[in-house]
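Before this model goes further, here are some comments for a colleague who will look at the coordinates closely. They are set out as numbered points, with the chains treated before single residues.

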Amino acid sequence: MKEVKSVVIRFSGDSGDGMQLTGTQFSNTSALMGNDISTFPDFPSEIRAPQGTVAGVSGFQVHLGSSEITTHGDEPDVLVAMNPAALKANLEAVKKGGAVIVNIDAFDLKGLQKAGYKENPLEGMALSDYNVIKANISSQTVEALKEYDLDNKSKARCKNFYALGITYFLFGRSAKNTLSWIEKKFAKNPILAEANMAALKAGRNYAETLEAVVSLYTIEKAKIKPGRYRQINGNTATAWGMIQAAKAAGLELFLGSYPITPATDILHELSHHKHFGVKTFQAEDEIAGICSAIGASFAGALALTTTSGPGLALKGEAIGLAIICEMPLVIVNVQRGGPSTGLPTKTEQSDLNQALFGRNGESPAIVVAASRPSDCFEMAFEASRLALEHMHPVILLTDGYIANGAEPWLIPDLSTSFNKINHRQITKDDKEFKSEDGVFLPYKRDDKNFSRPWAIPGTTGFEHRIGGLEREDVTGNVSHSPKNHQVMTDLRAEKIKRVQDNIPLQKLTGESSGDILVLSWGGSYGACYSAVKALQEEGKKVSLAHLRYINPMPSNLEEIIGQFKRVLVPELNSGQMRDLLNCRFQCGAVGYNKVQGLPFKISEVVDAVNRQLESL
Amino acid sequence: MSEAVAYKKKDFVSSQEVRWCPGCGDYAILSSIQTAMTKIGKRREDIVCVSGIGCSSRFPYYVNSYGMHTIHGRAPGIASGVKIHNPDLSVWVLTGDGDGLSIGGNHLIHALRRNISMNIVLFNNEIYGLTKGQYSPTSKQGIITKSSPDGSVDRAFVPGSLALGAGATFFARTMDTDPKHIQDVMIEAHEHQGTSLVEVFQNCIIFNDGAHKIYTDRATRDDYSLKLVHGEPMIFGKDRNKGLILNHFHPVVVTIGENGVTEKNILVHDKHDYNLASMLTRLKAPEYPVPVGVFYQERAAVYCQQVCAQIKDLKAKRGEGDMQALLNSGDTWEVE
């Protein structure tokens, strides 16, 4: 029996092997048993990549532990490989000395050839660094189900539950939750339900015979803040945060979107919630997606468009329109590897510059970024709040890693939190925004935050025209006057600056001064946080400032930066935030950069900080 | 909804000075639509004009209603969002042959097929005006322009054929030289349940003067245009003695009283006949009279109504959405 603080397990097989489902069951069960967890699915970009090939491998990684878990884990301690391709694609990532459970039934000549193996890796020395468990997962599943009235193909398809059963035994997981899930899931097909349950039990029973050869893991319950929890992934959290924001503002939510990986799940999710008054419009392209949202915003909706990098590029001109028209709009960019089509299913943080600068003219948008899957709820709410309170487009950056990754989430009490957003809509009796002769002044600004009033069609006496041509302040009439353009450009910039008064101060993990300030942003929070915590435990003078508000940045950021000998900016790009900080604050920040389509490992960030500490 | 108000045309005139070239056909279209708006029974605050970029797209600035002058080609997208969010509004898209058929062609066809109940008015002058004279997707092949000094080799779109191909449920055509006809067509377009497309032959006096002359000029139009009226025979000509007949699906111009042709032989317009409408969109002068009026109208499900019905159904089935319940749904667990 091996007692561990945390363990990482990766389920891996062919796209059709049901590995996402297996991984989800494992993580749900672990969460229910009181562990902290973080998960990440890893699937191929081809929908039906050739069966048995490395390109068709689908994986799901779960990190579970008795202490705080913030990432899906650096290296798997245990790999479940359902075929040779899965072994080939994942072996390198597995911790040396870790366990590899292989389905040897799939290691026939055909399977090995498809995976590109010239020799059977189970026979040579290739696996000598690992504790290999060779299991006849396919054939044993069929054997276990021989009494069932199903064809062999259907029986073999239950093998993922057999594999899950093995892991349940090794990790001391209770099967109860999964058994009742199967019952519900296959309610319409009782034979299949029973077969899957039988496969799960057969896998468990088989694993008991392994006791002598493999160590069993026990993981204590994690010390977690009390309350009711659920699992949530970033895209669902984003969708729900938007629905709640609309409710808190007393507006209807409108989504105009075009399908694009890895953002599409937000469209899927919102399309299921029409009874919340949500309208989703699947447009003909990215441009129509944002334009329909702009139209809905003009008409009085909380308007949203969702996309990924290439889509954000297409939306650029329309974002500029929303900026010059000073309209509330939320643009969610679930970042992926670029340029161009790039790596659609892989994560990256390389759209920061595009979000900040990717438009013609001087066109500042408010930019915020979510730090982890559950934070997408809060940041979607925040993006909406800032858009509505400041009458300005807000870009919310998430990424493929946190969008698809899941973690437990302390369910907020909506009667006390996330329950109020003030918007700028006016009613027909509002006199404040009219000239002496009763003409509506659409650009008459709020004294404090410089936002303009929002008069929506249907409001008597406030008929007005806005558009993409430069306008005169106060009246909103078209103006090409040189001085006016300077005034309006300055006003738009000042308006963004004043958002600073409406966002929280930058928080710090650790001491307020020291040797290294790790300054991270967006979805790399988990790795950076865990790395900094580990270094702090070693007594190193390292603190973390994780940015969620990017344009504008919190007003105390410069002061924080000044208290450290060096600023290290880890990011999944070639140094976009680093350059921005150096440009703003001349702080000599150095970068730790990676662009491999993969999130940071905790150990990578630890090493990067240590290198900086050594060179101080 | 607010109650109807008796309007005069000046109620729809904004304070902005109209800045089209003197003699531009746009003036007549603006004036006729403003007049039509007094007759459609909609209150001013419930009307929204949306445009893209181009000469025609200045239109919303001149109409005293809610309006938005947006970006090139994208007005149908923006108008879709306005209408879907608030289906009670009367939404008008003002576009041109460059804005609507070139850069915005994709949005136009999708707005038509979805049937999002809005009125799209296409000012067709067969030229790019605001960029000062380049050939457009409706310019005649061979046209000499600033960007086609040796003649354009582009083949032209026929907007009506395009619209019917895209599944439009209403297509009409009118001309800038006939304000009364514009008004009548606009009112019919407004009354149509679904998206309407109205093509207006419009003269660009600076860059493409006379492009539509033969069938729009008062002196010649009676002989070269055909006013379509549902249920009426397709008779035209100054002397009202010419008509269209079909010879094996092939339209033929005949003279009433010659070769035994009587009024009874003349084709009767049926705006619900898709094939007839398709044929009519292809007629070109001078071989044929150019038809104007309502070519086609189809009763079809309206997008916004269906969206609202789905919401209503779901609310009836599942009740008003409860966010706290959603957060608590599925697998949850208590940590003590």
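1. In chain A, of the contacts between residues at least 6 apart in sequence, 76% join residues at least 24 apart. Please keep in mind throughout that this is a predicted model, and that each value quoted below is computed from that predicted model.

2. The secondary structure of chain A amounts to 20 helices and 22 strands.

3. The accessible surface of chain A is about 23700 Å², and carbon and sulfur atoms account for 49% of that area. As for charge, chain A carries 65 positive and 68 negative charges, whose mean positions lie 2 Å apart.

4. Chain B has twelve helices and twelve strands, and its C-alpha trace spans about 95 × 45 × 45 Å along the principal axes. Of the 336 residues in chain B, 57% count as buried. Among contacts in chain B with a separation of 6 or more, 66% are between residues 24 or more positions apart. Chain B exposes about 14500 Å², with 50% of it supplied by carbon and sulfur atoms, and the mean positions of its 35 positive and 36 negative charges are 4 Å apart.

5. How many disulfides does a search of the whole structure find? The search over all chains returns zero. Cys325(A), for instance, takes part in no disulfide, and the nearest cysteine sulfur, in Cys291(A), is 11 Å away. Cys325(A) is also buried, at a relative accessible area of 0%. In chain B, the sulfur of Cys24(B) has its closest cysteine sulfur in Cys21(B), at 6.2 Å, and this is too far for a bond, because a disulfide requires the two sulfur atoms to be within 2.5 Å. Cys24(B) is buried as well, with a relative accessible area of 13%.

6. Leaving aside residues up to four places away in sequence, Thr489(A) touches Glu362(A) and Glu470(A). Thr416(A), by contrast, lies in the loop between β16 (406-410) and β17 (465-467) and is exposed, with a relative accessible area of 61%. The C-alpha atom of Thr416(A) is separated by 40 Å from that of Gly468(A), and these two residues are 52 apart along the chain.

7. Which peptide bonds deserve a look for their geometry? Most peptide bonds are trans. The bond from Gly338(A) to Pro339(A), however, is cis, with omega near 0 degrees, and Pro339(A) belongs to the loop between β13 (329-335) and α13 (352-357). A cis peptide bond likewise joins Asn551(A) and Pro552(A), with omega about 0 degrees. Pro552(A) is in the loop between β20 (549-551) and α18 (557-561).

8. Most residues other than glycine have a negative phi. Glu126(B) is not a glycine, yet its phi is positive, at about 60 degrees; Glu126(B) is placed in the loop between β4 (119-124) and α6 (159-165). Phi of Arg240(B) is also positive, near 50 degrees, and Arg240(B) is found in the loop between β8 (235-236) and β9 (242-247).

9. Are these two residues of chain B buried or exposed? Glu126(B) has a relative accessible area of 8% and is therefore buried, falling under the 20% limit. Arg240(B), at 54% relative accessibility, counts as exposed, since the limit for that class is over 50%.

How values were computed
Residues are numbered from 1 along each chain as its sequence is written. Chains are lettered from A and ligands numbered from 1 in the order in which they are written. This is a predicted model: local features need pLDDT of at least 70, side-chain atom pairs count only at pLDDT 80 or more; totals for chains, interfaces and linings use all residues. Side-chain values use heavy atoms; hydrogens and water are left out. Buried means under 20% relative accessible area, exposed over 50%, partly exposed in between (1.4 Å probe, protein chains only). Helices (H or I, at least four residues) and strands (E, at least two) are DSSP runs, numbered from the N terminus. Contact means heavy atoms within 4.5 Å. Accessible areas come from the Shrake-Rupley method with a 1.4 Å probe; for residues, only the protein chains shown count as cover. Lys and Arg count as positive and Asp and Glu as negative; His and the chain ends are not counted. The place of a charge is taken as NZ of Lys, CZ of Arg, CG of Asp or CD of Glu.
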